[in-house]
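Thanks for coming, everyone. Let me put the structure up, and then I'll walk you through it.

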Amino acid sequence: MLLSVSGEKAGLVVDLEVATDAAKTGDAGVPHGAELLAFATAANRRSDDLAQARATLEAVVGSEGLLEAAATVAIFNGLVRVADGTGIQLDPSMLTSTVATRAALGIDLFKGAASTIGAPTEPRQDVNGVQGLFA
Amino acid sequence: MGNVEELIDSVLAAGASSLVAAGDWLTGTQRKAAALEARDARTNDLDQQRRRAISPNAVSGGHGSIGDLRAEAVEVVHRIASDPGRITRDWADQAIEVLGEETYTELVGIAACTATIDMFAWATTDRDADLEDAVAGEPTNERPDGVGDVGAWVSQSMGSGMANVSRSLSLVPVTNSAWVGLVQAMYSRGPEFLDLEWKRALSRPQVELVAARTTAELECFY
């Protein structure tokens with residue numbers, strides 16, 4: 001969702017299938033996307049090509065870009081575990097705005113979807129509305 | 001680069017320190033044991049068998065207690081660390097019934113912080129992060145006011161105006177403080193999060209691309 005809207009804001013046509021499927025190749029429509037995706041996959045899998053992927057990425061985005069990419073991989077490893085471990089529901093606004101994307105990418109088939117889709121209670125959000133994320 | 005590097009380094013150090021210090025309902029010794037079990041889950045035989053099985057419940061056996069960290073707690077940490085995408089409400093409810101929702105939530109936070117800290121170290125240096133010796137002290141043993149049922153498996157804060165993921169560990173304030181520090185420094189950076197055009201070394205779409213691939217690798221619906 002945030003990839004799509006931020007890409008649109010930047011004038012990019014983002015390919016979400018390439019973004020989310022490691023079996024597909026390409027840059028997903030994002031500058032240096034191929035290098036970023038190769039690094040993210042190698043880091044998440046702790047695969048033998050991580051050092052090469054790291055060096056290749058640093059060559060195109062610089063050392064601070066590499067740092068930001070590593071930080072993103074790392075924090076989403078935590079966010080996934082927090083979300084799945086506490087069974088939080090997708091916020092209603094996000095749920096309604098991502099119907100087509102989730103269906104197209106098969107995300108509704110993930111086990112964690114059961115916390116939101118078909119759950120005993122409708123997705124709820126804060127009584128004050130969502131005003132930010134850790135802001 | 002100095003500011004970003006220093007910002008991330010400082011929260012990683014604080015996060016690592018929190019993993020060995022007394023928390024909400026667990027001691028520093030218990031928290032460090034849980035963190036090491038979360039790390040062990042990457043290569044643990046039982047966890048790998050479960051990962052390969054069509055259902056983790058198809059594999060018999062379980063994890064035993066470690067020191068004064070009871071077996072049910074060890075089990076929670078291993079599952080959160082190794083196979084978060086296939087956790088079910090029934091499984092969580094059983095664990096919560098035994099451990100209590102506060103301790104369960106603290107264990108989720110420990111597994112998440114460990115995953116974050118170790119992954120950053122691995123992504124940048126091919127090794128896990130260093131953890132200091134456990135620090136003596138007593139947990140706060142305090143359930144915060146203003147938490148309740150907001151549709152998740154555990155109680156969370158009500159009235160904060162934050163997205164559900166932002167309040168997911170609000171039941172355990174000590175653990176949540178370290179966790180939110182990590183998220184702030186490594187991703188959201190306060191009000192900047194709401195801006196779709198970041199002035200960072202990576203653009204917002206580049207950051208979200210890395211995030212999308214990571215969540216897909218871990219099969220996370222949220």
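Predicted model: local features only at pLDDT ≥ 70, side-chain atom pairs only at ≥ 80, totals over all residues.

Chain A, then. It has 135 residues, and 48% of them count as buried. The secondary structure is six helices and zero strands. Read from the N terminus, that gives α-α-α-α-α-α. Chain A exposes about 5,800 Å², and 54% of that comes from carbon and sulfur atoms. Now the contacts within chain A. Take those with a sequence separation of 6 or more: 43% of them join residues 24 or more positions apart.

Let's look at the start of the chain. A:Ser4 sits in helix H1 of chain A, residues 2-9. A:Val14 is ten residues away in sequence, yet the C-alpha atoms are 6.4 Å apart.

Next, two backbone points. Most residues other than glycine have a negative phi. Which way does phi go at A:His32? It is positive, about 60°, and A:His32 is not a glycine. You will find A:His32 in the loop between helix H2 (16-20) and helix H3 (33-45) of chain A. Its relative accessible area is 35%, so A:His32 is partly exposed. A:Arg46 is the other case. Its phi is near 45°, again a positive value in a residue other than glycine. A:Arg46 is in the loop between H3 and helix H4 (50-86) of chain A.

On to the interface. The size of an interface is often given as the accessible area lost when the parts come together. Here, chain A and chain B bury about 7,600 Å² between them. Carbon and sulfur atoms account for 68% of that. How many residues are in contact? There are 83 from chain B and 82 from chain A.

What about polar pairs across the interface? The rule finds 17 residue pairs in polar contact, both residues at pLDDT 80 or more. Which elements of chain B supply two or more residues to the side touching chain A? They are helix H1 (2-18), helix H4 (71-82), helix H6 (101-125), helix H7 (173-188) and helix H8 (204-217) of chain B. The largest share is from H8(B), with 14 residues. By class, that side of chain B has 48 nonpolar, 19 polar and 16 charged residues.

Charge brings us to salt bridges. Side chains of opposite charge can pair when their charged atoms come close. Over all chains, the structure holds 19 salt bridges. Three of these are found across the interface of chain B and chain A. One pairing between the chains is A:Arg45 with B:Glu217, where the closest N and O atoms are 2.7 Å apart.

Now some pairs within chain B. B:Arg86 forms a salt bridge with B:Asp83, at 3.0 Å between the closest N and O atoms. Both B:Arg86 and B:Asp83 are buried.

B:Arg89 and B:Asp93 also meet in a salt bridge, 3.7 Å from N to O. How are these two placed in the helix? They are four residues apart in helix H5 (residues 89-99) of chain B, so about one helical turn separates them. B:Arg89 is partly exposed, with a relative accessible area of 35%. B:Asp93 is partly exposed as well, at 32%.

Then there is B:Asp130 with B:Arg127, at 3.6 Å from N to O. Here B:Asp130 counts as exposed, at 55% relative accessibility. B:Arg127 is partly exposed, at 41%.

Pairs are not the whole story. B:Arg39, B:Arg42, B:Asp118 and B:Asp128 are linked in a network of salt bridges.

Last stop: B:Arg31. It lies in helix H2 of chain B, residues 28-40. Is B:Arg31 buried or exposed? It is buried, because its relative accessible area is 2%, and the cut-off for buried is under 20%. What does its side chain reach? It comes to 3.0 Å from the backbone oxygen of B:Ser18. Beyond its neighbours within four places in sequence, B:Arg31 touches several residues, including B:Leu19, B:Asp24, B:Glu106, B:Ile110 and B:Thr175.

That's the tour. Over to you for questions.

Methods:
Residues numbered from 1 in each chain as written. Chains lettered and ligands numbered in written order. Heavy atoms only, no water. Contact = heavy atoms within 4.5 Å. Buried area = accessible area lost by both parts, 1.4 Å probe. Salt bridge = Lys/Arg side-chain N within 4 Å of Asp/Glu carboxyl O. Polar contact = N/O pair within 3.5 Å; in protein donor to acceptor, adjacent residues only side chain to side chain. Nonpolar A, V, L, I, M, F, W, Y, C, P; charged D, E, K, R; others polar. Buried < 20%, exposed > 50% of the residue type's maximum accessible area, 1.4 Å probe, protein only. Areas by Shrake-Rupley, 256 points an atom, 1.4 Å probe, with all protein chains shown as cover.
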